[in-house]
Amino acid sequence: MIEKESKFIDTMETLLPSDSVGSSVRLIYARWVVGCMILLATAACVHLLKIDLPEYLLYCLGGCVLVYNAILLSVQHRYVGTHPHQFRRVVNTQILLDWFSIGVFLHLTGGATSPAIPFFFIHAVLVTILLPSQSPFSPALLAICVVVLVATLEAAEILGHYTVIPGLSDDLYLNWHYVLAQIFFFAVALLTTVSLTASMMARLRARERQVSALFFTTETVLSSLKLVDVLDRLTEKAAQALTIPAASIRLLDATGEQLKLVTAHGLSQSYLDKGQVELTQSELDREALSEGVAIIGDARSDRRVQYPKEIAAEGIG
C-alpha cells in the first residue's frame with residue numbers, strides 16, 4: 001500500500017507540483033465568489049445605479065459559472081489520489097472554461113471598451129502563482145486571442161455590442177485606432193505581468209525545493225540507523241531538489257585508491273557496471289577530494305573524466 005501511494009505521489013510531482021491539488025481547490029473557492037459577485041453586481045448596477053446592462057444574460061452567465069464550478073468540484077474529488085492524468089485534464093478544463101466565461105462577460109459589458117478587461121490580469125496572475133506547472137504564456141496568449149475575437153466579432157456585427165459606460169460613444173468599438181491601441185497595450189501589459197510573476201514564482205519554488213530537501217534530509221538521517229538506507233534516500237532527494245534525473249554517491253575505500261559506488265538514483269545498470277573509479281585515472285575525482293567541489297562544463301569531452309564514452313552513452317551532458 002505504501003509503495004502504491006509513493007508511486008502515485010511521484011507521478012503527481014512529475015505532472016503537477018505537490019500543492020497543485022490545494023491550488024486547484026483555491027481556484028474553485030474563488031470561482032464561487034466570482035459567480036455570486038456576477039449575480040449581485042448585475043442586480044446592483046441595474047436596479048441601484050440604473051446602468052443599462054443585459055441583465056438576464058449576465059444572470060445566466062453567473063449561474064453557469066456556479067454550475068460548472070460545482071461539476072468541476074465533483075469531478076476533481078473523483079480523480080484526486082487515483083488518476084493524476086485525468087486530474088491534469090480537469091485543471092486545464094477549468095482554465096479554458098474561465099477564459100470562455102471572462103470572454104462572454106467581456107462581450108456583455110462592452111467588448112473592447114469593457115471595464116472588465118483587468119479581470120484577465122487577475123486570473124492570469126492567479127494561474128501563474130497557483131499552478132506553476134502550466135506554461136505561463138499559454139493562458140496569457142489565449143486571453144489576448146479572446147479579446148481580439150470579441151472585438152472582431154462585434155466590429156463585424158456578428159455579435160451585438162453593449163455600451164455600458166455612460167458618456168462613451170456608442171460606436172467607439174468601431175474605431176480601430178482605439179481598439180488596436182486597447183489590444184496592444186493590454187497584450188504588452190499582460191505578457192509582462194505574467195513573465196515577471198512566473199520569474200518570481202520560479203525562484204520561490206526553487207527555494208521551496210531546497211528547504212524541502214533540507215527537511216527530508218534531516219528526516220532521513222533520523223529515520224534509520226542503516227547507512228545504506230540513509231544514503232539511498234539522500235541521493236533520491238538530492239536529485240529531486242536539484243531537478244536533475246540522476247545522482248550517485250561514491251565513498252573512498254580503505255586503500256584510499258578507489259571510489260566505491262554506494263548508491264545511485266536514475267542511472268542505468270550498464271552505466272553502473274562500467275568499472276571501478278580509480279583515483280589515479282580520474283583527475284576530476286582527485287580535484288573534488290582535494291578542493292571539495294569540481295565543476296564540469298561538458299562531461300562527454302572533459303579530459304578529467306575517467307569514462308567519457310560511458311558518460312556519453314548514458315546521456316550525461
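Q: Where does K50 sit?
A: K50 is in the loop between α2 (20-47) and α3. Helices (H or I, at least four residues) and strands (E, at least two) are DSSP runs, numbered from the N terminus. Keep in mind that this is a predicted model, where local features need pLDDT of at least 70, side-chain atom pairs count only at pLDDT 80 or more, and totals for chains, interfaces and linings use all residues. Residues are numbered from 1 along each chain as its sequence is written, and side-chain values use heavy atoms, with hydrogens and water left out.

Q: Is K50 buried or exposed?
A: K50 is exposed, with a relative accessible area of 65%. Buried means under 20% relative accessible area, exposed over 50%, and partly exposed in between (1.4 Å probe, protein chains only).

Q: What is its phi, for K50?
A: Near 60 degrees, a positive value, and K50 is not a glycine. Most residues other than glycine have a negative phi.

Q: How far is the nearest side chain of opposite charge from E55?
A: That side chain is K50, 9.7 Å away. For charge, Lys and Arg count as positive and Asp and Glu as negative; His and the chain ends are not counted.

Q: What does the side chain of E55 make a polar contact with?
A: The side chain of Y59, at 2.9 Å. A polar contact is a pair of N or O atoms within 3.5 Å; within protein, one must be able to donate a hydrogen and the other to accept it, and residues adjacent in sequence count only if both atoms are side-chain atoms.

Q: And what does E55 touch?
A: Leaving out residues up to four places away in sequence, E55 touches T42, V46 and H47. Contact means heavy atoms within 4.5 Å.

Q: New topic: the strands. How do β1 and β2 pair?
A: β1 (residues 247-252) and β2 (residues 258-265) pair in the antiparallel sense over six bridges. Two strands pair if DSSP finds at least two bridges between them. I249 has T263 as its bridge partner in β2, and L252 stands opposite L259.

Q: What is between the two strands?
A: Five residues, in a hairpin where G256 takes a positive phi near 75 degrees.

Q: What order do the three strands take in the sheet?
A: The order is β1-β2-β3, in an open sheet with antiparallel pairing. β1 and β3 (277-278) stand at the edges with a single partner strand each, so one side of each has no neighbour in the sheet.

Q: Now α8. How long is it?
A: Helix α8 (residues 227-241) has 15 residues and reaches 21 Å from first C-alpha to last. That is close to the 21 Å expected at 1.5 Å a residue, where the expected span is 1.5 Å times one less than the number of residues. Its buried residues are V230, L231, T235, K237, A239 and A241.

Q: How many helices are there in the chain?
A: There are eleven helices, along with three strands. Buried residues make up 35% of the 317 residues.

Definitions and conventions: Salt bridge = Lys/Arg side-chain N within 4 Å of Asp/Glu carboxyl O.
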